[in-house]
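Here is a short report on one protein model. Please look over the sequence and the structure before reading on.

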Amino acid sequence: MNNKSATSIVVWDLPTRVFHWLLVISFSTAWITSENDMFLYAHVYAGYLFFSLLMFRLLWGIVGSRYAQFRSFAHNWNSVTDYLKGLLNGTAERHVGHNPAGGWAIFAMLVLGLLTALSGFVVFGGEEGHGPLKYLVGFNIGNEAKDFHEVFAMGMLLMVFLHLGGVIVESVFHKENLVLAMLTGHKEGQSDSSGVKAYRQLGVILLLVAFGSAVYYFRGYVIESPDQPFKPFSSPALTDDPTWRKECGDCHLAFHPSLLPTRSWLLMMQQQDKHFGDDLALDPDVASHITKFLVDNAAEHGITEPSQKISRSIPADQILLRITESPYWKNKHSDEHIDPAYWKSKKIGSKANCAACHLDADTGWFEDSGMRLPKL
């Protein structure tokens, strides 16, 4: 390019730049919070924001400014290979907007991003029982979709690294700072060419909507108090029974029937004279009533994530009488997830003291984001 005829022009409008950096933040947040179920609430928000941004980008790719429109970088495969060869032999043509390889990377990230978000909705609806698909997707489908969700997310991460590599290579090759360009919106162009409209108002609105949605979504953490801690997800009440709750709750937390399979509750009620060192001495009618409630709402019939996973984790030929003996419970409370020091804390005292860490232990839901480890 003749430097004398070069001038700074607006290439990336403000909505495109706001989209770009919010997408970086949302995907990074979703990735960081994916490994710890305690942060599921934040992970879900990041996923919602990520999906909403992609929806905006699909629309903006049609009606947006010149270089944001898909048609401006919908290059054919020959153009991509020619550009990559040009990088190797030093003849690659500079593009004011996305180069052919970068354009294909954008399309790939949009596709992988949509697949990641949509599979996340399936997992959230089926496995967690929340979100727009909670009444449309069963647990089995949600559980299976989790593997696809992780694969798509890995593919997205790979494309992000390839994109970053491309940005570095192009910045060095063409001697321009592409990261700075995506911050300011300006790049060098021909003096006889015009830049694009900045669409500043739309960009500000997009930023304010994202900020406002975050404030609204996380408002519960701001207004909570020690007496009324915020419970992240709103779940329907599980089947309850006053007789069961009184007889069991008088001595310890009334563990919901969905936390053990039928065979466990039947054996426990048959051996009520040996109930962990105590004799329940229940009236026969009361015992029969409680037994029916336990069996009717056992783990096999549960709708919560713990009920499904506890039931599946226990071998069919085993009868466990303690929830803490189930493979699922052991895995979730292993040293990898929970510091052993917590079990020695007086605030917890026992592995059966679920309410010490789970805000919704009395409801039977045990939502992932409802766990708050006490300060040691």
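## About the model

This is a predicted model, in which local features need pLDDT of at least 70, side-chain atom pairs count only at pLDDT 80 or more, and totals for chains, interfaces and linings use all residues. Residues are numbered from 1 along each chain as its sequence is written, and side-chain values use heavy atoms, with hydrogens and water left out.

## The second largest pocket

Rolling a probe the size of a water molecule over the atoms shows where empty space is left. The search here runs on a 1 Å grid over the protein atoms alone. A pocket is an open set of points with protein on both sides within 12 Å along at least five of seven lines. A cavity is a set of points where a 1.4 Å probe fits but cannot get out. Lining residues have an atom within 4 Å of a point. Grid points are joined across faces, edges and corners, and a volume is the space filled by probe spheres set on the points.

The second largest pocket holds about 1100 Å³ of space. Its lining has 43 residues, and I106, M109, H163, L164 and V167 are the closest to its centre. Helices are DSSP runs of H or I with at least four residues, strands are runs of E with at least two, and both are numbered from the N terminus. Six helices each supply at least two lining residues: helix 1 (14-32), helix 2 (40-63), helix 3 (77-89), helix 4 (100-126), helix 5 (139-173) and helix 6 (178-184). Helix 5 gives the most, with 14 residues. The lining divides into 30 nonpolar, ten polar and three charged residues. Here Ala, Val, Leu, Ile, Met, Phe, Trp, Tyr, Cys and Pro count as nonpolar, Asp, Glu, Lys and Arg as charged, and the others, Gly among them, as polar.

## The largest cavity

How many cavities of 30 Å³ or more are there? The count comes to one. The largest cavity has a volume of about 40 Å³. Its lining consists of E128, T304, E305, P306, W365, F366, E367 and D368. Three of these residues are nonpolar, one is polar and four are charged.

P306 and W329 are 23 residues apart in sequence, and their C-alpha atoms are 8.6 Å apart. W329 lies in helix 13 (residues 327-332). F366 and C248 are 118 residues apart along the chain, with 18 Å between their C-alpha atoms.

## Two sides of helix 3

Helix 3 has 13 residues, which should span 18 Å at 1.5 Å a residue. The expected span is 1.5 Å times one less than the number of residues. The end C-alpha atoms are 19 Å apart, which agrees.

Buried means under 20% relative accessible area, exposed means over 50%, and partly exposed lies in between (1.4 Å probe, protein chains only). V80, Y83 and G86 of helix 3 are buried. They cover an arc of only 125° around the axis, so they sit on the same side of helix 3. The arc is that of the directions from the helix axis to the C-beta atoms. The face turned away from this buried side carries the exposed residues N78, K85, L88 and N89.

## Cysteines

A disulfide is a covalent bond between the sulfur atoms of two cysteines. The test here is a pair of cysteine sulfur atoms within 2.5 Å. The structure holds zero disulfides. C354 is in none, and its nearest cysteine sulfur, that of C357, is 8.7 Å away.

Are these two residues buried or exposed? C354 counts as buried because its relative accessibility is 13%. C357 is also buried, at 11%. C248, in helix 9 (residues 242-249), is partly exposed at 22%.

## Residues in loops

Most residues other than glycine have a negative phi, and most peptide bonds are trans. Y199 has a positive phi of about 50°. Y199 lies in the loop between strand 2 (186-190) and helix 7 (200-217), and is partly exposed at 28%. A281 has a positive phi too, near 50°. The loop between helix 10 (262-270) and helix 11 (284-296) holds A281, which is exposed at 61%.

E325 is in the loop between helix 12 (305-313) and helix 13. E325 is partly exposed, with 34% relative accessibility.
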